[in-house]
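User: I have a structure open and would like to learn how to read what lies inside a protein. Could you take me through it step by step?

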Amino acid sequence: MNAEQLEYCRKNRWIVNRQGQEFITFKGLLWMAHQMGLTSLISTPVREDYETFFFVFRAEAKGIREVAGQTVEVSFADEGDASMKNVGKMILPHLRRMASTRAMVRALRIYTGCGLTAFEELGD
């Protein structure tokens with residue numbers, strides 16, 4: 001993530017300030033990843049526990065990049081979880097989707113090299 005990308009994200013309100021700390025939104029990460037050659041973003045369930053309402057997803061971001069003068073395919077993956085303990089009240093009906101979203105933002109953060117925590121990773 002370079003200074004120009006960061007400023008563009010701020011201009012489009014894809015950077016959120018909470019208690020003096022900046023967080024990037026899913027929209028900002030997705031835009032940035034597309035600028036950096038993203039070709040696919042796939043999220044798959046790893047654990048779905050409907051009794052305890054605990055969900056874990058794994059997301060993989062793939063793209064094409066220039067590395068040392070050559071075009072190469074790159075892939076970055078990470079996991080995200082959601083439970084009744086780590087989301088706000090309005091998100092409770094959407095726990096499964098939040099776990100998927102969190103996995104995607106984590107994979108996109110690695111893909112883009114963004115050092116900011118994603119807004120969607122925050123709890124209540």
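Analyst: We begin with a definition: a residue is called buried when its relative accessible area is under 20%. Please keep in mind that this model is predicted. T112, which is placed in helix α3, has 3% relative accessibility and therefore counts as buried.

User: Which residues does T112 contact, leaving aside its neighbours within four places in sequence?

Analyst: T112 is then in contact with M1, L29, M32, A33, M36 and R65.

User: How should I read the nonpolar core?

Analyst: In soluble globular proteins, nonpolar side chains tend to be buried together. Here the largest nonpolar core has 28 residues, and I24 and L29 are those with the most contacts inside it. The elements α1, α2, β4, β5 and α3 each supply at least two residues of this core, with α3 giving the most, 9 residues. Not counting residues up to four places away in sequence, I24 touches several residues, including C9, L29 and C114.

User: How many disulfides does a search of the whole structure find?

Analyst: The search finds 0 disulfides. A disulfide needs two cysteine sulfur atoms within 2.5 Å, whereas the sulfur of C114 is 7.6 Å from the closest cysteine sulfur, in C9, which is too far for a bond. Both cysteines count as buried, C9 because its relative accessibility is 0% and C114 because its relative accessibility is 5%.

Terms used. Residues numbered from 1 in each chain as written. Predicted model: local features only at pLDDT ≥ 70, side-chain atom pairs only at ≥ 80, totals over all residues. Heavy atoms only, no water. Core = buried A, V, L, I, M, F, W, Y, C linked by side-chain atoms within 4.5 Å. Buried < 20%, exposed > 50% of the residue type's maximum accessible area, 1.4 Å probe, protein only. Helix = DSSP H or I, 4+ residues; strand = E, 2+ residues; numbered from the N terminus. Contact = heavy atoms within 4.5 Å.
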